Amino acid sequence: MQKPILYIVIPCYNEEAVLPITSGMFLEKLKQLTAQEKISPDSRILFVNDGSRDKTWEIICDLAKADEHFLGIAQSRNRGHQAAVLAGLMEAKERCDITISIDCDGQDDINAMDKMVDEYLSGSEVVYGVRSKRDTDTFFKRFTAEGFYKLLAAMGVEVVFNHADYRLISSRVLKEFANFKEVNLYLRGMIPLVGFKSSSVYYERHERLAGESHYPLRKMLALAFNGITSLSVKPIRMVFFTGFIIMCLSFVGIIWAVVAALMGKSVAGWASLACIVCFMGGVQCLFLGVIGEYIGKIYLEVKARPRYIISERTWDEEET
């Protein structure tokens, strides 16, 4: 049986501190899998430079010159983690049989790749890397992250609990996934939509080896909101039903006010009126915000701008 060609896809953004450390770890794992005859010697490590402002691209180019197992592509500008992962996967799909996407910081256990490849060889086309526990997270991060996954499930979004972007995907799945043209990317919710046989591998996440996290609370919240609004229309339905309930209550209030006035029992009260006006004004602004978010996404989708643009490669396309 022919051994599958594996491409490890690694998005990088300002990773000059950690890249010299983890690149050696990835290369060692690739050679180990090759020595065990689980993957082909033609397997490679593909770095995706996401518009870094430090020396990340220079380091990637040096790695590619020093060892043929390292490859690199650079986006024309910073477009975000999801676009960087997508760029690497789409670049790799014609060159390999399977891909494994993993972050550059060394937090995800690279030894889980062994089990991922085993699952693929056993018939799985997609293998999700799932965190077995969140002991390294703060209470706030653990509570919000797990609550987010539950919220996604309640919204009807098909996601794997405690799975981020550490996963194995076969080229067969990637070729079908290429037909998904969304501009608003949330890969961990989009990959399950493709289908095919899937399985999960559990691992423990470690502390970052060097450098600082590039996913502060602001970006995490933006990714979470994007995931909900990109893959579910339930917020819009909730707006409709909430608005319907408020409308019914308003009719009841109107009837009560008219009856009270006819019976001469109405009492002029600016406080109650102000509360009602403020409440209704707040509800309307909230609803308009939700609707506006969906309209904004439609606006971006209709433009159909490219999700990524590759400006440089560490190899000559004409030679490949």
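A residue counts as buried when its relative accessible area is under 20%, as exposed when that area is over 50%, and as partly exposed in between. Keep that handy for the exercises below, and remember that the model is predicted.

**Exercise 1. Get your bearings in the chain: how many helices and strands are there, and what share of the residues is buried?**

Start with the elements: the chain has 10 helices and 8 strands. Next, the cover: of the 320 residues, 46% are buried. Last, take the contacts between residues at least 6 apart in sequence: 84% of them join residues at least 24 apart.

**Exercise 2. Find Asn 14 and decide: buried or exposed?**

First, locate the residue. Asn 14 sits in the loop that links β1 (6-12) to α1 (19-35). Now check its backbone: phi is positive, about 55°, although Asn 14 is not a glycine. Finally, apply the cut-off. The relative accessibility of Asn 14 is 18%, and buried means under 20%, so Asn 14 counts as buried.

**Exercise 3. Describe how α1 packs on α2 (residues 56-66): at what angle do the axes cross, and which residues meet?**

What do we need to look for? Two packed helices are described by the angle between their axes and the distance between the axes.

Here, the axes of α1 and α2 come within 11 Å and cross at roughly 35°. The crossing is right-handed. On the α1 side, the residues are Leu 19, Pro 20 and Ser 23; they meet Thr 56, Ile 59, Ile 60 and Leu 63 of α2. Sort the residues of this contact and you get 5 nonpolar, 2 polar and no charged.

**Exercise 4. Check the length of α3 (residues 81-92): what span should its residues give, and how well covered are they?**

Helix α3 has 12 residues, and at 1.5 Å a residue they should span 16 Å. The end C-alpha atoms of α3 are 17 Å apart, so the two values agree. As for cover, 12 of the 12 residues in α3 are buried. Among them are His 81, Gln 82 and Glu 91, along with Val 85, Leu 86 and Met 90.

Methods: Residues numbered from 1 in each chain as written. Predicted model: local features only at pLDDT ≥ 70, side-chain atom pairs only at ≥ 80, totals over all residues. Heavy atoms only, no water. Helix = DSSP H or I, 4+ residues; strand = E, 2+ residues; numbered from the N terminus. Buried < 20%, exposed > 50% of the residue type's maximum accessible area, 1.4 Å probe, protein only. Axes fitted to C-alpha atoms, helices over the stretch in contact; angles between N-to-C directions. Left-handed = near helix turned anticlockwise from the far one by under 90°. Contact = heavy atoms within 4.5 Å. Nonpolar A, V, L, I, M, F, W, Y, C, P; charged D, E, K, R; others polar. Expected span 1.5 Å × (residues − 1).
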